Amino acid sequence: MIPATICVVLVCIGFLFFIGGAAGIIRFPDFYTRMHAAGKGDTMSVFLILMGLATYQLADFSLANILVAGKILFITIFIMWASPTSTHALIKAGFEEGQKLWTPDVEKEDSGE
Amino acid sequence: MYRLCIFLLLFGIWIIFSGQFDGFHITLGILSTAFITAISSNFFFENRSHGVANRLHQIIRIPWYLVWMLYQIWLSNIHILRLALSPIGMPEVEPKLVRIKTNLKTDFGRWMLANSITLTPGTITIDIKDDELLIHSISNLTTEGVEGDDMERKIAAIFERETTN
């Protein structure tokens, strides 16, 4: 019962971060800031959701389930490895292609005209 | 000795992934692990001059570093969440390009620093040229965070002990 509760709480917090990431992709002003929301909201939320699933697995304690939890841990490590790499690749491509950097001042000039 | 370490490491991963302990699967595991070790063990570690004590020290310290990283990611993720859900106009969003110098010497240390910076929400490493990192930061708070050298000192303490001591 307690592991199931922990699992639900972790997964729900993970979803909250996912919602933040999705809202950020739509609402942030330019390419770079959107990359922040797209690449980063995921790391923490995926981590929390996978930890929730691992907890759920470990509720029924046996060697096979420990191994499954270990595999989930490997997925987490892989995501923490791969996510920054892909984010960096995208943002570097955008930077070299010459995407404009948004600043609050630019916004004021635009609305003033 | 080096190859034996790689073999044991890979075999441990095989055990976790397969989850079968009968003779057939163990034999397959030994065969495939030996094959991989034979053809590609040279790629795993570039610098093999570290002693066993040094490697053990790294193995003990890395989990602590990961836990600290998770705490940092947690803090700044909440910050990004607040920014994303803030009212129209987003007064706190002030993107900036920051250049920082690093004292890390090895490629691996620099990679670790760049990866950690990108992993922390609010800051993305755009480019590394020698010892200068070009970083995009989303608000003043994350800019302050990346300009401090907390992360760099922690990485140096783990991976570049000889040069720091």
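Colleague: Let me start with one residue. Which residue of S3(B) stands opposite Thr123(B)?

Modeller: Ser137(B) stands opposite Thr123(B). Keep in mind that this is a predicted model.

Colleague: In what sense do S2(B) and S3(B) pair, and over how many bridges?

Modeller: The general idea first. In a regular strand, side chains alternate between the two faces of the sheet. Now the case here. S2(B) and S3(B), the latter spanning residues 132–139, pair in the antiparallel sense over 6 bridges. The hairpin that joins S2(B) and S3(B) has 2 residues between the strands. Asp130(B) in that hairpin takes a positive phi near 50°.

Colleague: What is the strand order in the sheet of chain B?

Modeller: The order is S1-S3-S2, with antiparallel pairing, in an open sheet of 3 strands. From one strand to the next, the twist averages 20°.

Colleague: Which helix lies across S2 and S3 of chain B?

Modeller: H4(B), residues 107–119, lies across those two strands. H4(B) runs at about 155° to S2(B). H5(B), residues 140–147, packs on the sheet as well and touches S1, S2 and S3 of chain B. The direction of H5(B) makes about 155° with that of S3(B).

Colleague: Elsewhere in chain B, why does Ile15(B) count as partly exposed?

Modeller: Count the neighbours. A residue needs 20 or more other C-beta atoms within 10 Å to be buried, and 12 or fewer to be exposed. Ile15(B) has 17 C-beta neighbours inside 10 Å, so Ile15(B) counts as partly exposed. Ile15(B) belongs to H1(B), residues 2–18. The C-alpha atom of Ile15(B) is 8.1 Å from that of Ile26(B), which is 11 residues away along the chain.

Colleague: Over to chain A. How does the reach of H1(A) compare with the expected span?

Modeller: H1(A) has 26 residues and reaches 38 Å from its first C-alpha to its last. That is close to the 38 Å expected at 1.5 Å a residue.

Colleague: Which residues of H1(A) are buried?

Modeller: The buried residues are Cys7(A), Leu10(A), Gly14(A), Phe17(A), Gly20(A), Gly21(A) and Gly24(A). They pack against H2(A) together with H3 of chain B, residues 52–84.

Colleague: That takes us to the interface. How many residues does each chain give to the contact?

Modeller: One general note. Interface size is often given as the accessible area lost when the parts come together. Here, let us count residues. Chain A gives 31 residues and chain B gives 25. On the chain A side, the elements that give two or more residues are H1(A), H2(A) (31–58) and H3(A) (63–97). H3(A) supplies the largest share, 11 residues. The chain A side divides into 17 nonpolar, 10 polar and 4 charged residues.

Colleague: Where is confidence lowest in chain A?

Modeller: The general rule: where pLDDT is low, the predicted coordinates should not be read in detail. In chain A, confidence is lowest in H4(A), residues 104–112, at a mean of 57. It is highest in H1(A), residues 2–27, at 87. The mean pLDDT of chain A is 81, with 91% of residues at 70 or more.

Colleague: What does chain B average, and where is confidence lowest there?

Modeller: Chain B averages a pLDDT of 79, and 90% of the residues score at least 70. The lowest mean, 51, falls in H7(B), residues 161–164. The highest, 88, falls in H2(B), residues 23–40. For the complex, the predictor gives an ipTM of 0.74 and a pTM of 0.75.

Key: Residues numbered from 1 in each chain as written. Chains lettered and ligands numbered in written order. Predicted model: local features only at pLDDT ≥ 70, side-chain atom pairs only at ≥ 80, totals over all residues. pLDDT = per-residue confidence, 0-100. Helix = DSSP H or I, 4+ residues; strand = E, 2+ residues; numbered from the N terminus. Contact = placed C-beta atoms within 7 Å. Nonpolar A, V, L, I, M, F, W, Y, C, P; charged D, E, K, R; others polar. Expected span 1.5 Å × (residues − 1). Pairing = 2+ DSSP bridges. Axes fitted to C-alpha atoms, helices over the stretch in contact; angles between N-to-C directions.
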